[in-house]
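Hi,

Here is the structure I promised to pass on.

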Amino acid sequence: MHALEVNFDGLVGPTHNYAGLSYGNVASLNNAASFSNPQEAVLQGLEKMKAMHDKGLTQGVFAPHARPDLNVLRRLGFTGNDAQVIHKAFKADPILLRACYSASAMWTANAATVSPSPDTTDGKVHFTSANLNNKFHRSLEPATTTRLLKAMFNNDKYFAHHTHLPDQGFFGDEGAANHTRFCDSHGEQGLEMFVFGASAFNSQLPKPAKFPARQTLEASEAICRLHNLKDSSQILLQQNPDVIDQGVFHNDVIAVGNANVLLCHQQAFLNQALALQDIREAYVGNKEFYIIEVPTDKVSITDAVSSYLFNSQLVSLEDGSMLLVAPQECKRNVAVNAYIEEMIMADNPVNQVQFFDLRQSMQNGGGPACLRLRVALNEQELAAVNPEVILTDTKYTQLCDWAKRNYRDKLGASDFADSALLTESYQALDELTQLLNLGSVYDFQLEG
C-alpha cells in the first residue's frame, strides 16, 4: 500500500527561554541567561514547515505544552492563587520556576517513539511518549504529550497509544531522538534502529564518564515489546560513550537516516565497523543501502556539535531525490559546508541541501531534526489523522497570525515573575486547541 512519511513539527511555545537546563547539551549551557524571542522562534519553525509543505511534502503541526506548570509547583509546596504561586516560586527558586516555564516540548523528536504499521505484528501504528526522566523540565511532558497524540491520532482501528515507561532512570527514554527507521519505501516493512547510551542492568557495557546517557538499553527493549515489533524490524546499537562526553547527548546529534540512507559520523557508534555491518545485514529492503560515514578528519566532533550537521533532516522528495534540511550554522562552518558540498556531488541519494535560520532553537540546543516527529502512514491511516493538524496554506497563515498576536518578542529572567505571562500563554493555547481541533488537552482546560 502506498504510504508517506509525515513530519509533525513542534510549535515553539509562548514561554520559550534560555535557562541552561540541559546538562550535557553544550548549546543549551552556553546560552543560559540570554534573552529569548518566542515570537521569532515560532515563526522560524513555521517557516521551515511551510517550506517543506511547498516542496510537496505532507507536513504536520504539533502543539506546544502549557507553561508554566503550576501543578508541579503546587506539588513542590508553593501555595495560593496562580499569581501567588509564581511570585513565591520566583522568590524562593527562580531556576526551578524557569524550568516550569520551559518550552522544551518544541523538540518533538523527543516526544515519542513511533513504529509504523508494516513493522508491527498487529498492523497498527504504535506510539509511546518518552518519559524524559533525565531532566526535570522535560519529565513534566509525557502526560500532555500522550493527550496530544491521542487528539491527533484518534482512531483505535489504526493507532495504538501506550503509557510512557516508568519514571525511573533504569528506563530512561528520550523518544525518536534515538530511533531511526530504514526502508525501501515508507509503506514496506522497515528496520527500526534503536540507539542506547548505556545499560541500567548490565555493568559490563561501557558508559560515558562526564555526561549522562539518557537512553537505556532496557528502555529501547521495552519499546520494541510494547510496539509488537517484528523481530526482523528491530536492531539495537550502543552510542559511542566518548562522544556523549563531548556533547552528543542524543544519537540524532551524530547520525541521521531516511529510507535507504544512513548519514553518520565516523565516531557515532560503539565498535562502529561492526555496528555498520550489523545494520547492513539486518536491512530488510531490496534496494541498495547507503551508509555515508563522515570522517573525523573532515568534520570534527566539535564541528558536528556546534553546527548540528547530523541534526539536519533527510527527506525524500516527490521526484525521488533526497534533501538535506540543515541549519544555517552548517553553512557558516567552513569544514561542515565543504563536506556537505562534497556529499551532494557524490554517488548517493542525497543530492540537495537547503539551509534554514533556526537560531532561536539552535541556541537552546535543538536543530531541524529535533523539531520534528516522523510518522509513516498509509492512505487509510493518514485519512484517520485529525485533519486540522496537517499544514495547508490557510493553516500556515492562521498560525502565523495567531503567533504574532499572542507571543512576546523578548523574554528575560525578570519576566517569569509576571503572572501576566501565564495568562497570555494559556489564552494563546486555548485558542490554538480550537484552531487545531484538539479538544481539551491541557491541565488548565481539564480543571476549568
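**What turned up**

Asn 271 is exposed, at a relative accessible area of 56% (exposed is over 50%, buried under 20%, partly exposed in between, with a 1.4 Å probe and protein chains only). Before going on, some housekeeping: this is a predicted model, where local features need pLDDT of at least 70 and side-chain atom pairs count only at pLDDT 80 or more, while totals for chains, interfaces and linings use all residues. Residues are numbered from 1 along each chain as its sequence is written, and side-chain values use heavy atoms, with hydrogens and water left out.

Most residues other than glycine have a negative phi, and most peptide bonds are trans. Asn 271 has a positive phi of about 50° without being a glycine, and sits in the loop between β10 (261-265) and α10 (272-282). Helices here are DSSP runs of H or I with at least four residues, strands are runs of E with at least two, and both are numbered from the N terminus. Asn 437 also has a positive phi, near 55°, in the loop between α17 (419-435) and α18 (443-447). Then there is a cis peptide bond from Arg 67 to Pro 68, with omega near 10°; Pro 68 belongs to the loop between β2 (59-62) and α3 (70-75).

**Strands and helices**

Strands β7 (residues 191-196) and β8 (residues 234-238) run parallel and are joined by 5 bridges (pairing takes at least two DSSP bridges). Val 195 has Leu 237 in β8 as its bridge partner. With helix α8 (residues 217-226), β7 and β8 form a right-handed β-α-β unit, meaning that, with the strands pointing away from the viewer, the path from the first strand over the helix to the second runs clockwise.

Which way do α2 and α16 run relative to each other? Their axes, for residues 38-54 and 393-406, come within 10 Å and cross at roughly 175° (lines fitted to C-alpha atoms over the stretch in contact, with angles from 0 to 180 degrees between N-to-C directions). The two helices are therefore roughly antiparallel, the term for angles over 145 degrees. Leu 43 and Leu 46 are among the α2 residues that meet α16, whose side includes Tyr 396 and Leu 399 (contact is heavy atoms within 4.5 Å).

**One last residue**

Ser 139 is in helix α6 (residues 136-139) and is partly exposed at 28% relative accessibility. Neighbours within four places in sequence aside, Ser 139 touches Asn 131, Leu 132 and Asn 133.

Cheers

Methods: Parallel < 35°, antiparallel > 145°, perpendicular 65-115°, else oblique.
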